[in-house]
Amino acid sequence: MTLPRAETKIVALWAVPRSVSTAFERMMMERGDFTVLHEPFSHYYYYSTERVSRRFDQEPGRPEYAFARVLESIERKAQDGPVFFKDMAYHVGPHLDEDLLRRFVNVFLIRDPARALPSLFHVWPDFTWEEAGYEALDRAFRMASEITGRTPLVLDAADLLEHPKELVEAFCRFVGIEFMPEALEWQPGDRPEWKVWSSQGWHDEAASRSGFKKGGTKRYTPVDGHPHLAEAYEKALPIYQRMYAERVKV
């Protein structure tokens, strides 16, 4: 199933935190035919004068990160060529609606909350339910389905690590772009696009990757090892299961 290109040529990968989404973004950088943006709406959600979260209140709010200005910047870049961004749906905050999603070709990346939430807890033990990402992702998925009248493309992180070629091929068919097998591998290292979040340790694993390879030996608190994790897992699991049923199957 292939969707027509958006007029503005903007592909959005909506994900939950800790779902191998930065590796997917790195693959898109390796292609070289897209302007690739890293979580552009996170600046609005956390650092703008309109910010939704008070997590970084110690930082002065920045007017250039206002929602309308972030969106305008994305669409301006798309005037010069195709744009890809990956982001969390919750970063859009109250602006998550069908009018916004109609501007993009929307793709979704999920991960088992038994894996994603412990990794998130390791970085932010005080994460909120909204920051877990599942509820907003579910809303975005439903809206995208309504807009197109068909099921959007859903990729699962475990499948992506196990079968990267097949899932990236499915993504390319859906978006309507050439599959470039050479983009499945790259030189490891940090990226300037990740600067804001790299300093907080978010992208250590992504920077060490050279492709979609299973790995990682870190031991995290299991979802039944802390009440906060257990509560979030109970809420996230049915959302994940619904979307998992719609995933690309290999």
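## The model and its overall make-up

Welcome to a predicted model, in which local features need pLDDT of at least 70 and side-chain atom pairs count only at pLDDT 80 or more, while totals for chains, interfaces and linings use all residues. Residues are numbered from 1 along each chain as its sequence is written, and side-chain values use heavy atoms, with hydrogens and water left out.

The chain holds twelve helices and five strands; these are DSSP runs numbered from the N terminus, with helices being H or I of at least four residues and strands E of at least two. Of its 250 residues, 54% count as buried, where buried means under 20% relative accessible area, exposed over 50% and partly exposed in between (1.4 Å probe, protein chains only). Among contacts (heavy atoms within 4.5 Å) with a separation of 6 or more, 77% come from residues 24 or more positions apart.

The five strands form an open sheet with parallel pairing, in the order 2-3-1-4-5. Two strands pair if DSSP finds at least two bridges between them. At the edges are strand 2 (35-38) and strand 5 (153-156), each of which pairs on one side only. On average, neighbouring strands are turned by 20 degrees against each other, direction ignored. Axes here are lines fitted to C-alpha atoms, for helices over the stretch in contact, and angles run from 0 to 180 degrees between N-to-C directions.

Strand 1 (residues 10-15) pairs with strand 3 over six bridges in the parallel sense. Strand 1 also runs parallel to strand 4, with five bridges joining the two; one such link has Leu-109 of strand 4 as the bridge partner of Ala-15. Strand 4 in turn pairs with strand 5 over four bridges, again in the parallel sense, and here Ile-110 has Asp-156 in strand 5 as its bridge partner.

How many of the six residues of strand 4 are buried? The count is six of six. In a regular strand the side chains alternate between the two faces of the sheet. Here Val-105, Val-107 and Leu-109 point one way, and Asn-106, Phe-108 and Ile-110 point the other.

Helix 7 (residues 134-148) lies across strand 1, strand 4 (105-110) and strand 5, at about 145 degrees to strand 4. Helix 9 (residues 164-175) lies across strand 1, strand 3, strand 4 and strand 5, and runs at about 160 degrees to strand 4. Phe-141 is a residue of helix 7 and is buried, with a relative accessible area of 10%. Beyond its neighbours within four places in sequence, the contacts of Phe-141 include Phe-108, Val-154 and Met-243.

## Aromatic pairs

A search of the whole structure finds 20 aromatic pairs. Rings of Phe, Tyr and Trp (its six-membered ring) pair if their centres lie within 6.5 Å, with planes under 30 degrees apart counted as stacked, over 60 as edge-to-face and the rest as tilted. Tyr-45 and Tyr-46 have ring centres 4.8 Å apart and planes at 80 degrees, so this pair is edge-to-face. Tyr-45 also pairs with Tyr-90, with centres 5.0 Å apart and planes at 85 degrees, so that pair is edge-to-face too. Since Tyr-45 lies in helix 2 (residues 40-47) and Tyr-90 in the loop between strand 3 (83-88) and helix 4 (98-101), the pair ties together parts that are 45 residues apart in sequence. Both Tyr-45 and Tyr-90 are buried.

Elsewhere, ring pairs link Trp-14, Phe-41, Tyr-44, Phe-67, Phe-85 and Phe-104 into a cluster.

## Arginines over rings

A charge sits over a ring if NZ of Lys or CZ of Arg is within 6 Å of the ring centre and within 35 degrees of the ring normal. The charged end of Arg-55 sits over the ring of Trp-124, 3.9 Å from its centre. Likewise, the charged end of Arg-247 sits over the ring of Tyr-244, at 3.7 Å from the centre.

Arg-247 lies in the segment after helix 12 (227-244) and is buried, with a relative accessible area of 18%. Neighbours within four places in sequence aside, Arg-247 is in contact with Val-154, Asp-156 and Asp-159.
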